[in-house]
Amino acid sequence: QIRWGLLGASTIARERLVNAILANDGYIASVYSSDRDRAIVFADVLDIPGRMTDLSEFFRSCDVVYVSSRNRLHYEHVIAAASAGKHVLCEKPLATSLDEATEMIDACRQSGVVLAVDHHLRGSTVNREMAALVRNGSIGRPLFARVVNAGVLPHHLYPGRLTDEAGSGIIFDKATHDIDLLRYLLSETPLEVIAMTSDVPVERSLVAQAVMSTMRFPSGLVAQTFDAFNVPCSGTEVVINGTEGSLYASDCLSGRPAGGLKLITAAGEQPIPLSHIDPYTEVVRHFHLAVTTGSRPLANGEDGRIAISVAVAMSIAGRSGNSQPTTVLS
Ligand code: NDP
């Protein structure tokens with residue numbers, strides 16, 4: 001049985017990952033928090049034996065680590081886990097900069113540990129089916145894609161996720177999901193980006209809560225993304241238009257095992273049957289396999305790093321207001 005340590009007494013750990021680990025027969029040995037009371041409450045509620053505020057003690061209690069601390073802390077926590085010889089599943093965004101991401105990947109490689117990133121949308125049934133249909137040529141050559149990923153971030157999650165600190169904000173915190181999903185669905189990485197952020201104050205915030213972007217891929221495909229933390233009544237959707245057909249996915253970015261998918265071709269409209277699996281359970285299943293067999297996690301450190309590189313370009317584009325595309329640096 002794989003012994004997990006939760007590095008971060010976070011909402012996502014409590015609401016999603018604990019269940020996903022238990023569903024994969026993992027054992028949760030301990031939780032680390034920077035605050036003793038938070039560690040105790042978290043561990044008591046979830047029946048976790050170890051509750052620590054000392055990282056060395058925490059690392060001694062487990063074999064693999066789930067990092068879900070605030071975005072700006074992912075770097076130091078992943079480096080510390082790798083130094084302690086622990087395999088790591090890190091929350092997105094992997095890092096706050098390309099340099100950090102590169103160092104994290106190098107540290108894990110040098111320590112011989114797995115580095116995976118919780119880009120959980122790769123684990124959802126609707127997205128996996130959509131990727132399979134793109135790959136088997138059901139829509140011919142993909143030409144255009146659109147992602148709508150709008151919703152509301154509860155106020156208690158604003159600190160760390162919607163502030164002006166490094167790695168926070170709508171682009172790093174949310175658009176990185178779309179960037180990684182588009183790469184997963186289309187098997188290519190954007191070359192250049194145009195973006196505009198929006199400060200419309202639907203909710204109180206000091207920073208932009210929404211961003212729209214347009215990006216061009218090496219094949220010539222053009223994709224648009226829309227991310228928002230301040231749209232209370234919106235569904236999520238992904239559309240891919242190809243030379244022979246189109247795919248329409250709805251309710252596909254929520255993190256719940258849900259969503260619908262239809263394929264439209266010259267033959268007509270065809271609903272795609274789906275048997276939903278929890279996406280986080282799928283992420284943990286692949287992580288366990290990576291640890292035990294050396295297989296590829298659903299999203300590895302390099303996938304996390306590339307999402308950061310596109311997010312950096314999107315941030316520059318959003319700040320500049322420039323209509324010239326910003327190049328994605330590798
Ligand atoms: P939370 O704010 O719930 O937790 C993040 C950290 O904040 C915790 O580790 C904790 O630090 C600290 N914290 C929690 N409560 C308090 C408090 N009352 N006062 C002060 N500090 C507190 O964030 P989320 O769970 O939403 O996000 C955690 C990570 O997961 C982020 O990197 C986020 O981007 C990512 N995420 C990923 C999702 C996905 O679907 N892949 C979805 C949601 C989030 P400590 O550990 O020291 O106690």
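How do the residues of the shell around the ligand divide into nonpolar, polar and charged? They split into six nonpolar, eleven polar and seven charged, where Ala, Val, Leu, Ile, Met, Phe, Trp, Tyr, Cys and Pro count as nonpolar, Asp, Glu, Lys and Arg as charged, and the others, Gly among them, as polar. Please keep in mind that this is a predicted model, in which local features need pLDDT of at least 70 and side-chain atom pairs count only at pLDDT 80 or more, while totals for chains, interfaces and linings use all residues. Residues are numbered from 1 along each chain as its sequence is written, and side-chain values use heavy atoms, with hydrogens and water left out.

- Of the 24 residues around the ligand (a heavy atom within 4 Å), Thr11, Ser33, Ser34, Asn71 and Tyr280 come nearest.
- Helix 1 (11-23) and helix 8 (169-186) are the elements that give two or more residues to this shell; helices (H or I, at least four residues) and strands (E, at least two) are DSSP runs, numbered from the N terminus.
- Domain 1 (3-119 + 281-299) and domain 2 (121-277 + 309-327) each supply at least three shell residues, with bounds from an automatic or database domain assignment.

**Polar contacts (pairs of N or O atoms within 3.5 Å)**
- Arg38 places a polar side-chain atom 2.7 Å from an oxygen atom of the ligand.
- For Glu91, a polar side-chain atom is 2.9 Å from a ligand nitrogen atom.
- Asp118 uses a backbone N or O atom, 3.2 Å from a nitrogen atom of the ligand.

**Backbone details**
- Most residues other than glycine have a negative phi, and most peptide bonds are trans.
- Lys92 and Pro93 are joined by a cis peptide bond, with omega about -10°, and Pro93 lies in the loop between strand 5 (87-90) and helix 5 (98-111).
- Asp25 has a positive phi, near 65°, and is found in the loop between helix 1 and strand 2 (27-32).

Technical notes: Polar contact = N/O pair within 3.5 Å; in protein donor to acceptor, adjacent residues only side chain to side chain.
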